[in-house]
Amino acid sequence: MSVNMENDVKDIIFSEESIRKRVRELGDKITSDYTGISPLLLGVLKGCFVFLADISRSIKLDCEIRFLTASSYGFSSVTSGKVKIESDLDYEIKGRDVIIIEDILDSGVTLTALRDFITECRPASLKICALLDKPTRRQVPIEADYLGFQCPDEFVVGYGLDYAERYRNLPFIASLKPEIYS
């Protein structure tokens with residue numbers, strides 16, 4: 001791993017400008033769909049933190065923002081298939097309009113487990129907003145209600161997405177050179 005993260009980048013897939021534009025569009029759509037409602041934005045840590053910060057500022061509604069942690073990757077570049085959800089849910093979900101905010105919909109394993117976990121809490125409604133979707137990697141049938149971009153089948157980092165807790169602070173989304181993660 002190099003000190004200059006950009007040396008590890010193979011290609012920039014989504015520029016800072018294109019991400020900013022698409023996040024505003026998603027925020028406008030959510031604002032329109034939830035007019036008169038105060039949705040609970042439930043961010044999936046750690047990868048969503050940049051996306052959640054930006055989209056929450058693009059939603060022109062009173063929103064509550066909460067977090068939980070879910071992972072099936074650990075320090076690997078492929079899913080383990082076992083989802084670990086960490087949340088003590090010290091807030092009420094029953095009867096709330098919940099939007100799960102996720103960085104990437106990949107295998108679908110983690111997001112399906114999260115959807116099922118939240119559904120058991122009986123929200124009034126539940127939607128999924130994902131910045132990226134890699135449908136070619138799907139192992140479980142699940143779709144986002146709000147989607148930023150379809151992503152090529154590349155290992156991507158930046159804008160909150162990481163590899164081994166690095167690269168989250170890149171302002172764009174890029175593929176890594178394979179020698180970095182293989």
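Predicted model: local features only at pLDDT ≥ 70, side-chain atom pairs only at ≥ 80, totals over all residues.
Buried means under 20% relative accessible area, exposed means over 50%, and partly exposed lies in between, with a 1.4 Å probe and protein chains only.

Residues are numbered from 1 along each chain as its sequence is written, and side-chain values use heavy atoms, leaving out hydrogens and water.

My topic is salt bridges, meaning a side-chain nitrogen of Lys or Arg within 4 Å of a carboxyl oxygen of Asp or Glu. The search of the whole structure finds 16 of them.

I start with Asp133 and Arg138, whose side chains form a salt bridge at 2.5 Å, N to O. Both Asp133 and Arg138 are buried.

Next, Asp106 pairs with Arg137, with 3.2 Å between the closest N and O atoms. This pair links distant parts of the chain, 31 residues apart: Asp106 is in the loop between strand 5 (97-105) and helix 3 (109-119), and Arg137 is in the loop between strand 6 (125-133) and strand 7 (146-150). Helices (H or I, at least four residues) and strands (E, at least two) are DSSP runs, numbered from the N terminus. Asp106 is buried at 9% relative accessibility, whereas Arg137 is partly exposed at 30%.

Now helix 1, residues 16-33. Here Glu25 and Lys21 form a salt bridge at 2.8 Å, N to O. They are four residues apart, so about one helical turn separates them. Glu25 is partly exposed at 33%, and Lys21 is partly exposed at 48%.

Last, a network of salt bridges links Lys46, Asp162, Glu165 and Arg168.
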